[in-house]
Amino acid sequence: MKGTRDFPMCGFSNTVVQILKNLNVPFEDVNILENEMLRQGLKEYSNWPTFPQLYIDGEFFGGCDITLEAFQSGELQEVVERAICS
């Protein structure tokens with residue numbers, strides 16, 4: 001993400017942080033603004049050009065729009081619960 005969970009540096013990162021906090025699930029944040037090589041590497045790894053990027057159980061889930069849509073539909077809660085139980 002851009003920034004940290006305590007200080008998101010863009011609205012999209014803030015949205016994902018608020019969703020994860022709302023779900024009350026543990027999560028880690030990585031500030032990609034601190035490391036340009038990491039930023040570019042993650043874009044290539046995920047084949048996704050923007051941040052934040054949400055990974056669940058080590059797998060790329062999506063960016064802000066996908067995460068928000070999945071949260072609103074209830075899909076994100078199901079995916080997170082499966083990951084926690086595995």
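Reader: Which residues does the UniProt annotation "binding site" cover?
Author: Please note that this is a predicted model. According to the unreviewed UniProt entry, the "binding site" annotation covers Lys-2, Arg-39, Phe-51, Cys-64 and Asp-65. From this set, Phe-51 is part of the lining of the largest pocket.

Reader: Where is Phe-51 found?
Author: Phe-51 sits in the loop between α2 and β1, the latter being residues 54–56.

Reader: Is Phe-51 buried or exposed, and why?
Author: Phe-51 counts as buried because its relative accessible area is 7%, and the limit for buried is under 20%.

Reader: What does Phe-51 touch?
Author: Not counting residues up to four places away in sequence, Phe-51 touches Lys-2, Phe-12, Ile-32, Arg-39, Leu-42 and Lys-43.

Reader: Let us turn to α3. Which of its residues are buried?
Author: The buried residues of α3 are Cys-64, Thr-67, Ala-70 and Phe-71. They lie on the same side of α3, because they cover an arc of only 135° around the axis.

Reader: What covers the buried residues of α3?
Author: The covering elements include α1, β1, β2 (59–62) and α4.

Reader: Which exposed residues are on the face turned away?
Author: That face of α3 carries Asp-65, Glu-69, Gln-72 and Ser-73.

Reader: What comes just after α3?
Author: Just after α3 there is Gly-74, with a positive phi of about 95°.

Reader: One more topic, the largest nonpolar core. Which of its residues touch the most other members?
Author: Of its 17 residues, those are Leu-20, Leu-23, Leu-54, Ile-56, Phe-61, Leu-76 and Val-80. At least two residues of this core come from each of α1 (11–23), β1, α3 (64–73) and α4 (75–85).

Reader: Which element gives the most?
Author: That is α1, with five residues.

Reader: And what is Val-80 in contact with?
Author: Apart from its neighbours within four places in sequence, Val-80 is in contact with Leu-23, Val-25 and Ile-56. In general, nonpolar side chains tend to be buried together in soluble globular proteins.

Methods:
Residues are numbered from 1 along each chain as its sequence is written. This is a predicted model: local features need pLDDT of at least 70, side-chain atom pairs count only at pLDDT 80 or more; totals for chains, interfaces and linings use all residues. Side-chain values use heavy atoms; hydrogens and water are left out. UniProt positions are given in the numbering used here, feature names are shortened, and annotations may be inferred rather than shown by experiment. On a 1 Å grid over the protein atoms alone, a cavity is a set of points where a 1.4 Å probe fits but cannot get out, and a pocket is an open set with protein on both sides within 12 Å along at least five of seven lines; lining residues have an atom within 4 Å of a point. Helices (H or I, at least four residues) and strands (E, at least two) are DSSP runs, numbered from the N terminus. Buried means under 20% relative accessible area, exposed over 50%, partly exposed in between (1.4 Å probe, protein chains only). Contact means heavy atoms within 4.5 Å. A nonpolar core is a set of buried Ala, Val, Leu, Ile, Met, Phe, Trp, Tyr and Cys residues joined through side-chain atoms within 4.5 Å. The arc is that of the directions from the helix axis to the C-beta atoms.
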